[in-house]
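Thanks for coming. Please have the sequence and the model open while I talk.

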Amino acid sequence: MMASMFILCWLRIFSSVECRLDERFYEKTCPQVEKIIANSVNNSLLLRPRLAAGLIRLQFHDCFVNGCDASILLDTTPSGEPVEKTSKANGFSSKILECVDQVKADVERECPGVVSCADILAYAAREAVVQDGLPHYPVPGGRRDGVSSSAKGVAGNLPSPSDSVKTMAELFIRKGMSVEDLVALSGAHSIGHTHCKHLHKRLYNYSSTQAQDPSMDLAHYLSLKSSCPKPGALSKEVTDKLMVPLEPSTPLRLDTVYYTQLLNGKGVLQSDQALTNDPTTSGIVERFAQNPSQWAAGFIDAMIRLGKVDVLTGKEGEVRRNCRAVN
């Protein structure tokens, strides 16, 4: 009984969001908004193709912490407390944030005070997905921007590179998403890079009896080891800057090579490789590896659902003039 009531309640909340977000939201107030954002993002990606991974990650990190309200972009808030972007779990490069600043400036020139930063993040992430190889998909508008942001709120709301499948699945379900969404969105790791510090445990200190993660392909292990020296071998300043591609075969294309690599023991992050070792997710990994079109559809569906997590709409929040500060 309680379970059915929970499902009914969740469906009401979800359908309420569906009603408040609308693909034609800016049809009268800023009809060219999606074209403006597409052009702006594409110009940035021509200069720096690796920004695509950051834009997708930026929306994910924003939506899973306090909902899709662009709180990840705030430099300060009236409370004065440390903001989300200062959390160690975030750490976005200045180039990604500058890309969003440029998109906002381009939109403001055409439609001042109309388009929220939260919607800009959703549209920009869509353009990154399209530029890296997947089909165009509709993104509803109508999100409002939050006026608070707290580094403390990040803890427990984002997956970590060492998380178990159980931990990640529970997090996704708590956000109104599914285990299938978890595996589908993990495919975003077919592009982008990660810091070597996230691999040190897998490579050098996996357990009390094994230095390396035994699920790793040996050649893959040796390759990562050569790119990510043992802690202490180099200065901390140098070590902290070392990065490796999450999927080196096609690092600028969203595709299912990522899943094939997982099945071959060549995942980079421990949390990624865990998807093949857990019976809850291993079958989904195999299915996506064998059916690229099914994964692409699942990824797009998951991105659309992601953009509806705990949104502010109507008179909630505000439409920021500057994405880095409340009005």
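This is a predicted model: local features need pLDDT of at least 70, side-chain atom pairs count only at pLDDT 80 or more; totals for chains, interfaces and linings use all residues.

The largest pocket holds about 1300 Å³ of space. It is lined by 47 residues, and those closest to its centre are Arg57, His61, His189, His193 and Thr194. If you want to find the pocket on your screen, go to those residues.

Which elements give two or more residues to this lining? They are helix H3 (51-64), helix H4 (94-110), helix H6 (165-174), helix H7 (179-186), strand E1 (193-195), helix H12 (270-277) and H14. The largest share comes from H3, with seven residues. Sorted by class, the lining of the largest pocket has 23 nonpolar, 17 polar and seven charged residues.

Now the helix contacts. Two packed helices are described by the angle between their axes and the distance between the axes. Take H6 and H7, both of which I named for the pocket lining. The axes of H6 and H7 cross at roughly 110 degrees and come within 8 Å. On the H6 side, the contact uses Met168, Ala169, Phe172 and Ile173; on the H7 side, Val179, Asp181, Leu182 and Leu185. Of the residues in this contact, seven are nonpolar, none is polar and one is charged.

The other pair is helix H13 (residues 282-290) with helix H14 (residues 292-306). Here the axes are 5 Å apart, and the packing angle is about 115 degrees. Arg287, Phe288 and Gln290 in H13 meet Pro292, Gln294 and Trp295 in H14. By class, the contact of H13 with H14 has three nonpolar residues, two polar and one charged.

Last, the disulfides. A disulfide is a covalent bond between the sulfur atoms of two cysteines. How many disulfides does the model have? The count comes to four. I will show one of them, Cys30 with Cys111, where the sulfur atoms are 2.0 Å apart. The torsion about its S-S bond is about 80 degrees, so this disulfide is right-handed.

Where do the two cysteines sit? Cys30 is in the loop between helix H1 (2-20) and helix H2 (33-47), while Cys111 is in the loop between H4 and helix H5 (117-131). The pair therefore ties together parts that are 81 residues apart in sequence.

That is the end of my part.

Definitions and conventions
Residues are numbered from 1 along each chain as its sequence is written. Side-chain values use heavy atoms; hydrogens and water are left out. Axes are lines fitted to C-alpha atoms, for helices over the stretch in contact, and angles run from 0 to 180 degrees between N-to-C directions. Helices (H or I, at least four residues) and strands (E, at least two) are DSSP runs, numbered from the N terminus. Contact means heavy atoms within 4.5 Å. Ala, Val, Leu, Ile, Met, Phe, Trp, Tyr, Cys and Pro count as nonpolar, Asp, Glu, Lys and Arg as charged, and the others, Gly among them, as polar. On a 1 Å grid over the protein atoms alone, a cavity is a set of points where a 1.4 Å probe fits but cannot get out, and a pocket is an open set with protein on both sides within 12 Å along at least five of seven lines; lining residues have an atom within 4 Å of a point. Grid points are joined across faces, edges and corners, and a volume is the space filled by probe spheres set on the points. A disulfide is a pair of cysteine sulfur atoms within 2.5 Å.
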